[in-house]
Amino acid sequence: MKYTIGIDLGSTTTKAVVLNEGAIVMGRGITNSRSNYEVACQVAMGEALINTRFALLRDDLKEAGLSDDELD
């Protein structure tokens, strides 16, 4: 799977999104920038990637026949 990660690095918060090939948001991450922009980017990107993995797992389980109630 190919994906694109976008990062919005701000003075207060840093946000990241993971987009699939169809430009659909697959995962999001956000953290306080804390004046350490490199760490903030890594944390936000890590959260977005973890969020994406859970979204993909949820999709696979749904395809396998689990209901929304069972997934929650």
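Okay, quick one before we start: when I say two residues touch, I mean heavy atoms within 4.5 Å. And keep in mind this is a predicted model.

So, let's start with Ala44. Leaving out residues up to four places away in sequence, Ala44 touches Thr14, Lys15, Ala16, Gly29, Ile30 and Thr31. Ala44 is also one of the buried residues of helix H1, along with Ala40, Cys41, Ala48, Leu49 and Thr52. What sits over those buried residues? The cover includes strand S1 (3-9), strand S2 (13-20) and strand S3 (25-32).

Now the helix itself. H1 runs over residues 37-63, so to speak, 27 of them, and spans 39 Å from first C-alpha to last, close to the 39 Å you'd expect at 1.5 Å a residue.

Remember the general rule: an α-helix has 3.6 residues a turn, so residues three or four places apart point the same way.

Next, the core. The largest nonpolar core has 6 residues: Ala16, Val18, Met26, Ala44, Ala48 and Leu49. S2 and H1 each put in at least two of its residues, and H1 gives the largest share, with 3.

And then there's the surface. Ile50, Phe54, Leu57, Leu61 and Leu66 make a nonpolar patch of about 440 Å². Take Leu57, which is in H1. Why do we call Leu57 partly exposed? Because its relative accessibility is 44%, and that class lies between the buried cut-off, under 20%, and the exposed one, over 50%.

That's my bit, thanks.

Terms used:
Residues numbered from 1 in each chain as written. Predicted model: local features only at pLDDT ≥ 70, side-chain atom pairs only at ≥ 80, totals over all residues. Heavy atoms only, no water. Helix = DSSP H or I, 4+ residues; strand = E, 2+ residues; numbered from the N terminus. Expected span 1.5 Å × (residues − 1). Buried < 20%, exposed > 50% of the residue type's maximum accessible area, 1.4 Å probe, protein only. Patch = residues over 30% accessible without salt bridge, like charges linked within 9 Å, V, L, I, M, F, W, Y side chains within 5 Å. Areas by Shrake-Rupley, 256 points an atom, 1.4 Å probe, with all protein chains shown as cover. Salt bridge = Lys/Arg side-chain N within 4 Å of Asp/Glu carboxyl O. Core = buried A, V, L, I, M, F, W, Y, C linked by side-chain atoms within 4.5 Å.
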